[in-house]
Amino acid sequence: MSERSQPNVLAVLTDQQRWDTLGTYGCPMDVTPTLDALARRGTRIEHAISPQPTCGPFRAAFQTGRFATETGVWRGSIPLPDDQRTLAHHFADAGYDVGYVGNWHLAGTFDAPVPADRRGGYDDFWLAADVPEFTSKPTEGYLYDADGAEVAFEQYRADAFTEYAKRAIESLSEPFFLVVSYLEPHHQNDEWTFVAPEDYAQRHATNPHVPRDLRDLPGNWFRELPDYYGIVERLDECVDDLLGALRQRNALDETVVAYTSDHGCHFRTRPGEYKRTAHESAVRVPAILAGPGFGDGRDIERVTSVIDLPPTLLDAAGIDVPESMHGESLRPVIEGEQDDADGDAFVQISESQVGRAIRTERWKYAVAAPKRTGWRSGNGQRSSAEYAERYLYDLARDPAEQVNLVGRPNYRDVADDLRATLRAYIRDVEDEDPTIKPLEIGYKEY
């Protein structure tokens, strides 16, 4: 493989960031100039859908290119099994230095150091914590280095993670693959609130943009949006710092930069919390690719699962995509070799429910196990032999998902077609063939 075919790869992950916080996705707040510029000179995935809107399961999917049930990490607190090969393994086998900074969430060690054999192969640079929510506050805390020693910080957490990432960029040999996994803009769990840097929330307190799906619904969005936008603004500045570190090393033009999030945020408007549903506010995320191979500004308009990002990053580096990965590289779409239409995305949901969903260009169809089998009830399950229809939304007419059409007789044919597609995904991904019980309401003769 030639030097030219081995670009560096920097993957930036955020936690709980809605797609529509970025100007490139229509946010009028003007808080993401760096990311907007990155999207203009690269590739923006317009409809990027998380394969699992929870923290640990998404990270397992991102690291392996496989759905959560395939990795075994189908809910939080389950360690990534030793037999799961990650992006780090594939890049290292191709001669890359591999490094990780920030939020790991795949070891099951919580606030204790992550031992070397649970770091997913990230052997050349490690400065992270399994669950940094337990080792830090928004303005102080610590991560662990490769020896398991605490590395303390007394500054805004995202800024600290950025400084550690700049250290990695300086020390890793080229070509390198580096993941920077921020905890922001996630709320601080033990405070049940979002915490922006000092003075940042005040900038957006007067008239923050309220997305249509939040309006008129109970939740905490009115109080939290100023801080949330302030956090997103600071993350954008952090990305600018990372690009500056690449530029200082004369590596920016030779680096593929990917930016995405594990899930969105519906500010307690849906199930009384922030994620873990099939709604757009939970599953739709930003996704941007820039750098070698993505510089012509061609965007992807079709519905795309984030499960496609891992094979895309390998493909961009000239590394063969392993058959174990469920996703497919997006480069043929970006280069015009495949049609940019008729995409769909399969979603698995855990912890709040055992749920499954399909997202197409026009429709959202979701089902859930008919009895309470969520993690919080104490008997969480990987899957179910039976599901019941729960949601059907016409996204063309109702993008804010305000009118649930499930069970309406005049939409029965639509639901049946989507049910068949969903069952096909379940058979393919999970090797199961569950019953999906239709919901019937109204007068059948009408």
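The following questions and answers examine a predicted model.

User: On what basis are residues numbered, and which confidence limits apply to this predicted model?

Analyst: Residues are numbered from 1 along each chain as its sequence is written, and side-chain values use heavy atoms, with hydrogens and water left out. In this predicted model, totals for chains, interfaces and linings use all residues, whereas side-chain atom pairs count only at pLDDT 80 or more and local features need pLDDT of at least 70.

User: Is Leu13 buried or exposed?

Analyst: Leu13 is found in strand β1 (residues 8-14); strands (E, at least two residues) and helices (H or I, at least four) are DSSP runs, numbered from the N terminus. Buried means under 20% relative accessible area, exposed over 50%, and partly exposed in between, with a 1.4 Å probe and protein chains only. Because the relative accessible area of Leu13 is 2%, Leu13 is buried.

User: How far apart in space are Leu13 and Val179, C-alpha to C-alpha?

Analyst: Leu13 touches Val179, and also Phe62, Val180, Ser181, Tyr182 and Thr260, not counting residues up to four places away in sequence; contact means heavy atoms within 4.5 Å. In sequence, Leu13 and Val179 are 166 residues apart. From C-alpha to C-alpha, their separation in space is 7.5 Å.

User: What is the relative accessible area of Arg59?

Analyst: Arg59 is found in helix α2 (residues 55-64). Leaving aside neighbours within four places in sequence, Arg59 is in contact with Thr14, Asp15, Asn103, Trp104, His105, Leu106, Ser181, Tyr182 and Asp262. Arg59 is buried, with a relative accessible area of 2%.

User: Why is α6 described as largely enclosed by the rest of the structure?

Analyst: Helix α6 has 28 residues and reaches 39 Å from its first C-alpha to its last, close to the 40 Å expected at 1.5 Å a residue. The expected span is 1.5 Å times one less than the number of residues in the helix. The helix is largely enclosed because its buried residues number 20 of the 28.

User: What distance separates the end C-alpha atoms of helix α5?

Analyst: Helix α5 (residues 157-171) has 15 residues, which should span 21 Å at 1.5 Å a residue. Its buried residues include Phe161, Tyr164 and Ile169.

User: Which kind of peptide bond joins Glu174 and Pro175?

Analyst: Most residues other than glycine have a negative phi, and most peptide bonds are trans. Pro175 is placed in the loop between α5 and β8 (176-181). At the bond joining Glu174 and Pro175, omega is about -5 degrees, and the bond is cis.

User: What is the phi of Asp216, and is this residue buried or exposed?

Analyst: Asp216 is found in the loop between β8 and α6. Although Asp216 is not a glycine, its phi is positive, at about 70 degrees. Because its relative accessibility is 70%, Asp216 counts as exposed.

User: How much space lies in the largest cavity?

Analyst: On a 1 Å grid over the protein atoms alone, a cavity is a set of points where a 1.4 Å probe fits but cannot get out, and lining residues have an atom within 4 Å of a point. Grid points are joined across faces, edges and corners, and a volume is the space filled by probe spheres set on the points. The structure holds one cavity of 30 Å³ or more, and among the residues lining the largest cavity are Trp74, Ile349 and Arg382. The space in the largest cavity is about 50 Å³.

Key
On a 1 Å grid over the protein atoms alone, a cavity is a set of points where a 1.4 Å probe fits but cannot get out, and a pocket is an open set with protein on both sides within 12 Å along at least five of seven lines; lining residues have an atom within 4 Å of a point.
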